[in-house]
Amino acid sequence: MTSKTPILQIKNLHVEVEGKEILKGVNLTVNAGEVHALMGRNGSGKSTLSYTLMGHPRYTVTSGSVEYRGQDLLAMSADERARHGMYLAFQYPVAIPGVSVSNFLRATVKARRGGDIPVKEFRKELKECMAKLGVRDEFLSRYVNDGFSGGEKKRLEILQMAMLKPEMALLDETDSGLDIDALRTVAEGINALHNKDNAVLLITHYQRMLDYVAPGFVHVMQGGQIVKSGGSELALELEAQGYDWVAKEFASSGAN
Amino acid sequence: MVAELSRDEMLHSVKADYKYGFHMSEEDYAFKSGRGLTREIVTQISRMKNEPEWMLKYRLKALDIFLKKPMPSWGNTEMLNDIDFANIHYFVRATEKQGRDWEEVPDSIKKTFDRLGIPEAERKFLAGVTAQYESEVVYHSIREDLEKQGVVFLDMDTALREHEDIVREHFGTVIPSADNKFSALNSAVWSGGSFVWVPAGVKVEIPLQAYFRINTENMGQFERTLIIAEPGSYVHYIEGCTAPTYSSDSLHSAVVELIAKPGSHIRYTTIQNWSNNVYNLVTKRAVAHEAAKVEWVDGNLGSKLTMKYPAIYLMGPKAHGEVLSIAFAGEGQHQDAGAKMVHLAPDTTSIIVSKSISKDGGRTSYRGLVKVYPGATNVKSSVRCDALLMDEDSRSDTYPTMEIDEKDVTIEHEATVSKVGEDQLFYLMSRGLTQEEATTMIVNGFFEPFTKELPLEYAVELNRLIALNMEGSVG
Ligand SMILES: Nc1ncnc2c1ncn2[C@@H]1O[C@H](COP(=O)(O)OP(=O)(O)OP(=O)(O)O)[C@@H](O)[C@H]1O
Ligand SMILES: [Mg+2]
């Protein structure tokens, strides 16, 4: 446990959207083998952080730095980040009409692995992942997220993650909109993928998810900053008491 | 082997490695008429082909009409008025085309085909090797099958010699010379094109493609196609290859006539990719008699200006018509395409789906007409136009016209214009696709309702073409 390998090092990150500052100095380090949970009220900046880390062009970094396995993440385009092993499971996955799930998955896996895989090999791997995640075959011929239910979209996000095998997975409210059984399957999927060489940042509002995917670290975001960090017990406190006390504690600490 | 792969897998597997197109060597010309259009040239064309006297008269009359008719006063008149009729060779007879050799196909592509288990004949087609080599055998057996069924499939010039009566009975009945300036021009100087006659009750299982024909008077600039489906028959005809079709002269003006007799079904698929100096001004029209079905599946890429509005006249009760078209306009291009549905009988139905993409300042227009005559009761028609704009400089317009002279009808019309969304691009790029790959994927998806109607090898070519058209367009 002594030598930690940092995967993501975020330092004093400031981000603007359409001229408005949303992130106001985020600091966070995620090491290999760790699971972090990021919580916080609606509008506190969680998705903004995840989009920024993935390289959405709408989000402008005004100051601060992000290192990804020793490299300057902010210098990479979104597709480069993905090919280097970053992954974002979207809070609101986007529909791509006319593009079948199987064709889409094949193209993305090819991009991530840097080469074509024979159809049959790919299909075998895909079928195995689908079976584990309880995704039905008919999914493959449907168009990406087009007319998918909320839960179906989230499952597809996890299926993609399983196929792309990221080193740093950002999961933005993947648990929202899942029924109880789906939540368990998805959580099991996340656990199965997690190992000592990769890391997960889980954005969530609910303890339910954390019951399955036990995070070693829990952070609370407020007003574009991480205002409190702790162990898994912090999530339980938040579940019981809400966010008010965190806000008060932060205000009285005089930090800003 | 092949059956194990789904169509979707085949399509996108081939695309993955396939970056090879048709490259035909410069043609030698056996004969080339002088520039310009005169009675002498028209007479010379007819004489060279040993045509019957009635055809010569037909041509000369059409020439008079052409000379008298004004240019269309609508559409892109600026571009139209640039056409220099005096500077065109109206008749060019090519020598045998050289096919590309299988040996020249790169190993990487052969390997891809191996891995996919694509049959030999199809591989050669996919790789752009023309039908002259071993695959000749395959086409020979196709031709034998057609002959046994009594199907006549010839180039138009040969058909006129060998089946003069059928040709004379139907030629120009769907599209009279006087229909428009360009149909008159074609009627005067036509050469090549296909003639298909399907006997009653015969269903032609394989799509007919021009390169199956024995004596190929190759597709020319003024080709003339006539397809007659006798009652209860079925035929699917595919025209054009997706290769960039370079031509020395810049005007392509075809006439295509389809006659679907009662209970028959004709599907006519086109994919054309003209070089950017070509005016593509084509008149396509079908008549559908009682309970007949006609479908135009029409893909337009390339060209400088395309004006093309496949029409279906629904003449008999319960006739059904469909036009499914795509258009892609890049820099300096205008794709003015659409459809016409004319309902002349009760219980007739029609569907128009038009999809267009404009990029780099390109322009697409949908121009459509749905007309319902009095007495054509219980008509149902739906029109859907979707336009996708790739950037701020590009343009798309719709000119839908409805002339409904009957109360008892159901007409639906829906039009959308959208831009390639930042969020769609970001979603795909966040999965590792480059901006170019992501854009191509969105565009392919947009055209998918069209692509899925194509035979596999054409779908492959179309996707490849779209990828080529997207290259260098982003970033
Ligand atoms: N494109 C944008 N334009 C304007 N404001 C934006 C934009 N994107 C985000 N914001 C604002 O930034 C703030 C943070 O939003 P963000 O989506 O990051 O919150 P969140 O913590 O993910 O909330 P939730 O829990 O509801 O998902 C909000 O006030 C939001 O309105
Ligand atoms: Mg959010």
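Predicted model: local features only at pLDDT ≥ 70, side-chain atom pairs only at ≥ 80, totals over all residues.
Trainee: How far is a polar side-chain atom of A:Glu18 from a nitrogen atom of ligand 1?
Mentor: Residues are numbered from 1 along each chain as its sequence is written, with chains lettered from A and ligands numbered from 1 in the order in which they are written. A polar contact is a pair of N or O atoms within 3.5 Å; within protein, one must be able to donate a hydrogen and the other to accept it, and residues adjacent in sequence count only if both atoms are side-chain atoms. For A:Glu18 and that nitrogen, the distance is 3.5 Å.

Trainee: Which helix gives the largest share of the shell around ligand 1?
Mentor: There are 16 residues around the ligand (a heavy atom within 4 Å), and A:Gly43, A:Lys46, A:Ser47, A:Thr48 and A:His205 come nearest. Helices are DSSP runs of H or I with at least four residues, and strands are E runs of at least two, numbered from the N terminus. The largest share, 3 residues, comes from residues 46-54 of chain A, helix H1.

Trainee: Which strands stand at the edges of the chain A sheet?
Mentor: That open sheet runs S6-S9-S10-S3-S11-S12 with mixed pairing, where two strands pair if DSSP finds at least two bridges between them. The edge strands each have a single partner, so one side of each is left without a neighbour in the sheet. They are S6 (86-89) and S12 (225-230).

Trainee: Which residue of S12(A) is the bridge partner of A:His219?
Mentor: S11 (217-222) and S12 of chain A run antiparallel and are joined by 5 bridges. In S12(A), the partner of A:His219 is A:Ser229.

Trainee: What angle does H12(B) make with S15(B)?
Mentor: Chain B has an open, parallel sheet of 8 strands, S5-S7-S10-S12-S15-S17-S19-S21. Within it, S15 (320-329) and S17 (349-358) are joined by 10 bridges, with B:Phe328 partnered by B:Ile357. Helix H12 (435-451) packs on the sheet, touching S10, S12, S15, S17 and S19 of chain B (contact means heavy atoms within 4.5 Å). With axes fitted to C-alpha atoms, for helices over the stretch in contact, and angles from 0 to 180 degrees between N-to-C directions, the angle is about 160°.

Trainee: Which residue stands opposite B:Ala311 in S16(B)?
Mentor: S14(B) is joined to S11 (279-288) of chain B by 4 bridges, running parallel. S14(B) also pairs with S16 (334-343) in the parallel sense over 4 bridges. Opposite B:Ala311 stands B:Lys340.

Notes. Heavy atoms only, no water.
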